[in-house]
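Please keep the sequence and the model in view while reading.

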Amino acid sequence: MEIFLKPNFNFVDHRKIPYAICIIFIILTVIGLVRGINYGVDFQGGTLLQYNFTQVVAAEEIRNVLDEFDLSASTIQRFSDNEVAIRTPQLTLDQRNQLTDTLRNQIGELEIVRNEEVGPTVGGELRRAAYLALLFSIIGILIYVGIRFELRPAVTSVLALANTGIMTLGLVALLGIEFDTTILAAMLTILGYSINDSIVVMDRIRERLNYRKREDAKTLINTSLNETLSRTIMTGTTTIIAVIILYFFGGKMLQPFALTMLIGLIFGTFSSIFVAAMLFYEWEVKKPLRR
């Protein structure tokens, strides 16, 4: 199935547009990272308490109770009118029980959905391990693609992949999405998914390099992108639709994961077309592989 019948888009001549889009999102990424990543309890340490009340509860009511325990710096995340999560500094078991009892007495009956605690040392180690996982994933992909293809498509594909990962992380920070192990799983999934699109494009470029040796760089890139365009859009669109359904119908707990996946999928599809291929073009113009 082809979305476009014999597409003939001139991607190369209009490459400054995606370059500008990249710059805009890189600026947003920097702003998000400067503001700081909203680490979850998994990576920061502390206590996470999630309650499901039997009636509608206002954040101000919970905030008043937290002030009684000198926990005014705690954050409150609302999942619905009657379900909230409270992230506090590390609390002892007695302190957690006292806080829960006070909430029950002053606001109303409740059900404890989550009661988690991570020490600051463990949280720091997990945070370090998370970034190492992302880094080693990119290095592993670079090695594999370098062996499978050549150095140039490997480098350009991994640069596009890094662009996807960094911009996704930056928007996660900018939107205030809590970065926990679920978001880490989404990031790793995005890296694996995005490199697949780039490999499809690079494989078509490699094929044309082998049997169209006199083809200039502009025709090489434009034709390769046009030939894989329908496949890239169909694959990306079907996956994005699935993620959107997960966001709206998967429950509040899965919404941060689904939103992160959605951001990464959009950036990944964009990068495979406009970053990996255009970087290859710039390199090919300066130092052709075939001559």
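## Aromatic pairs

How many aromatic pairs does a search of the whole structure find? The search finds 8 aromatic pairs, where rings of Phe, Tyr and Trp (its six-membered ring) pair if their centres lie within 6.5 Å; planes under 30 degrees apart count as stacked, over 60 as edge-to-face and the rest as tilted. The pair of Tyr51 and Phe53 is tilted, because the ring centres are 6.2 Å apart and the planes stand at 55°. Both Tyr51 and Phe53 are buried (buried means under 20% relative accessible area, exposed over 50%, partly exposed in between, with a 1.4 Å probe and protein chains only).

Tyr131 and Phe179 make a stacked pair, with 6.5 Å from centre to centre and 10° between the planes. Tyr131 belongs to helix H5 (residues 120-148) and Phe179 to the loop between helix H6 (151-174) and helix H7 (181-211), so this pair ties together parts that are 48 residues apart in sequence. Tyr131 is partly exposed at a relative accessible area of 29%, whereas Phe179 is buried at 1% relative accessibility. Elsewhere, ring pairs link Phe9, Phe11, Phe270 and Phe274 into a cluster.

## Basis of the model

The model is predicted: local features need pLDDT of at least 70, side-chain atom pairs count only at pLDDT 80 or more, and totals for chains, interfaces and linings use all residues. Residues are numbered from 1 along each chain as its sequence is written, and side-chain values use heavy atoms, with hydrogens and water left out.

## Overall architecture

The chain contains 10 helices and 4 strands, in the sequence order α-α-β-α-β-β-α-β-α-α-α-α-α-α. Helices (H or I, at least four residues) and strands (E, at least two) are DSSP runs, numbered from the N terminus. The C-alpha trace spans about 80 × 40 × 30 Å along its principal axes.

Of the 291 residues in the chain, 43% are buried. Among contacts (heavy atoms within 4.5 Å) with a separation of 6 or more, 79% join residues 24 or more positions apart. The accessible surface, from the Shrake-Rupley method with a 1.4 Å probe, is about 14900 Å², and carbon and sulfur atoms contribute 61% of that surface.

## Annotated transmembrane regions

An unreviewed UniProt entry lists "transmembrane region" for residues 20-41, 129-147, 154-177, 183-202, 232-250 and 256-281; such annotations may be inferred rather than shown by experiment. In the model, residues 232-250 are 95% helix and 0% strand, with the end C-alpha atoms 26 Å apart. Residues 256-281 are 96% helix and 0% strand, and their end C-alpha atoms lie 36 Å apart.

## Charges and loop residues

There are 27 positive and 28 negative side chains, and the centres of the two sets are 17 Å apart. Lys and Arg count as positive and Asp and Glu as negative; His and the chain ends are not counted. The place of a charge is taken as NZ of Lys, CZ of Arg, CG of Asp or CD of Glu.

Glu150 sits in the loop between H5 and H6 and is partly exposed at 42% relative accessibility. The C-alpha atoms of Glu150 and Arg206 are 9.2 Å apart, although the two residues are separated by 56 residues along the chain. Asp70 lies in the loop between helix H3 (59-68) and strand S2 (75-78). Asp70 is not a glycine, yet has a positive phi of about 55°, and Asp70 is exposed at 68% relative accessibility.
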